[in-house]
Amino acid sequence: MQPDRAPAPPAKIVTEYVLRTKVTGMERSGKKPPLIRFDAYTNLPRFRTTQFRDIRRTYDEFLKLFKHLSTANPECFVPTVPHDTTYAGPGTDEDEYHIKVNFQKWLDRVTHNQVLMRDEEMMYFIEADFGYSPMTKRKAPATGLRRKAIKQLQPPPDDCQELVDFRPLAKRFYLMSGDVRTKLEKVSKIRKGLGMAEIELGHRFTNMTALEFQSGMINMWKKLGKTVMSVGDIQTIKTTSEMATLGDGLLWLSNDAFVVKETLTNRQILIRDLLSAQSTSRSRHATAARLRSSATINPLRVDEALNSLEDAKQIEAALTAKVNRVTHNLIKERSEWFANTDEDLQGYIADYVRRMIDTERRTLAVWESIRLDIRTADGSGGLSRLGRSELPPIVRRAGVVSSQGPKGDSWSGDRRTAHGSNEIFPPMFDDQNEDEFGISEVDAKNAASMLAGSTF
């Protein structure tokens, strides 16, 4: 008979603690910083309940929380708080949309971090009924002139080569992203001036109607002036779009990279403190050994030296554990920062490209709207003839379709339906163009034939 076996111990249930938030609205008075409204859910045991509704926090309160988290958690790359305004301008729907999306993204990344979500200030930030103010204030490892002087010194010896190589990379990304945004802002200013100049040129074209006597030419100058003014307005829209998408995104990424660089600098300062503590421990150990080996032993001095040595060892042990914890966690944070930055940058570029394509399509549609007016400026076809007098006169047709259709662009060889459905770039080709040109596929040869027979 087999002896009775002891019952297996019950499996230990591991609770996965979460903290989730959802931005529900935003309030702004004039150009003042916004007030963010959001809900929160958590199963962390320190909170007084699991659900919190209609939490209201001002932009300054978000900044206070960020300052505390970045100071009290040197082992985390705390994402920087998004700006309180966008290039779209306060009070616009696009500005409100981008701010809500940015704050939702910031809250998600903070609350998904297992270290930051357990910070005591996060509980105060969510549970406070009458505004939030940090309960515990931490100081940065070094500030002011001391921090600037430390940055000028040679970095301390470091065994973690990944973080050693990561800091100059983060610094380079911070400088390059800021430089790209500065140049993009200069381009936007020039584009804005171009739009105003085109509007002025449109007014001048409209004034040309006073010098004409033929009805076709009068109509052409009038329509051309309005079209050029519309193109100028589109240039202004294009300026706002590129700065509200790519410009604001690069600014946020640049500020985030600066926080990463400063966090790695704090780690270097912590390593310097550890080296100083190790040097102090060795010095006090040598002092205690010298007192013990001396001919006349003073018990008071020996006790004092041993107590100092014990204190130095405790400080060294605490700093060693802190450096190891910070290094181990920053290695994981490094890969997350790369993934988040790559995701954000691709999203900003994709949004920027979509906006630019949309403005170019609008510009093309505006120019195409006056094709008939240019063709019928005179009896021989107007400016569309381009010296081809052997061709018969053009009769005004009301059925000239736009190149922008639901299946693609008839002037290009790209048919989006051939690549499957795409919600981001909807097909823009029109079936009527196939009947007009007499072809069903557009390649390089067909495009050349289409351009050769074009009358505009």
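Which helix does Glu 333 lie in? Glu 333 sits in helix H7, which covers residues 299–368. Before we look around, note that this is a predicted model, where local features need pLDDT of at least 70, side-chain atom pairs count only at pLDDT 80 or more, and totals for chains, interfaces and linings use all residues. Residues are numbered from 1 along each chain as its sequence is written, and side-chain values use heavy atoms, with hydrogens and water left out.

**The whole chain**

- The chain holds ten helices and five strands; these are DSSP runs numbered from the N terminus, with helices being H or I of at least four residues and strands being E of at least two.
- Out of 456 residues, 39% count as buried. Buried means under 20% relative accessible area, exposed means over 50%, and partly exposed is what lies in between (1.4 Å probe, protein chains only).
- Take the contacts with a separation of 6 or more: 71% of them are between residues 24 or more positions apart. A contact here means heavy atoms within 4.5 Å.
- The chain's accessible surface is about 27,200 Å², and carbon and sulfur atoms own 56% of that. Such areas come from the Shrake-Rupley method with a 1.4 Å probe, and for residues only the protein chains shown count as cover.

**Back to Glu 333**

- Glu 333 is buried yet has no salt bridge, a salt bridge being a side-chain nitrogen of Lys or Arg within 4 Å of a carboxyl oxygen of Asp or Glu.
- The nearest side chain of opposite charge is Lys 332, and it is 7.4 Å away. For charges, Lys and Arg count as positive and Asp and Glu as negative, while His and the chain ends are not counted.
- If you skip the neighbours within four places in sequence, Glu 333 is in contact with Glu 75, Cys 76, Phe 77 and Asn 113.

**Salt bridges**

- Side chains of opposite charge can pair when their charged atoms come close.
- A search of the whole structure turns up 26 salt bridges.
- Arg 56 and Glu 27 make one of them, at 3.3 Å from N to O. This pair links distant parts of the chain, with Arg 56 in strand S3 and Glu 27 in strand S1 (residues 19–27), 29 residues apart.
- Arg 56 is partly exposed at 38% relative accessible area, and Glu 27 is partly exposed too, at 31%.
- Arg 46 and Glu 120 form another salt bridge, with their closest N and O atoms 3.3 Å apart. Arg 46 is in the loop between strand S2 (35–42) and S3, while Glu 120 is in helix H3 (residues 120–127), so the pair ties together parts 74 residues apart in sequence.
- Glu 262 and Arg 147 also pair up, with 2.8 Å between the closest N and O atoms. Glu 262 belongs to helix H6 (residues 215–293) and Arg 147 to helix H4, 115 residues apart.
- Both Glu 262 and Arg 147 are buried.
- Shared partners join Glu 27, Arg 37, Asp 54 and Arg 56 into one salt-bridge network.

**Aromatic rings**

- The count of aromatic pairs comes to 15. Rings of Phe, Tyr and Trp (its six-membered ring) pair if their centres lie within 6.5 Å; planes under 30 degrees apart are stacked, over 60 edge-to-face, and the rest tilted.
- Phe 62 and Phe 103 form an edge-to-face pair, 5.0 Å centre to centre with 65° between the planes. Phe 62 is in helix H1 (residues 59–72) and Phe 103 in helix H2 (residues 93–111), so the pair ties together parts 41 residues apart in sequence.
- Phe 62 is buried at 0% relative accessibility, and Phe 103 is buried with 0% as well.
- The rings of Phe 173 and Trp 337 have centres 5.9 Å apart and planes at 90°, so this pair is edge-to-face. Phe 173 lies in helix H5 (residues 161–207) and Trp 337 in helix H7, so the pair ties together parts 164 residues apart in sequence.
- Ring pairs link Phe 38, Tyr 59, Phe 62, Phe 103, Trp 106, Phe 125 and Tyr 132 into a cluster.

- Asp 54, in strand S3 (residues 51–58), has a positive phi of about 50° although it is not a glycine.
- Asp 159 is in the loop between helix H4 (144–152) and H5, and counts as exposed at 83% relative accessibility.
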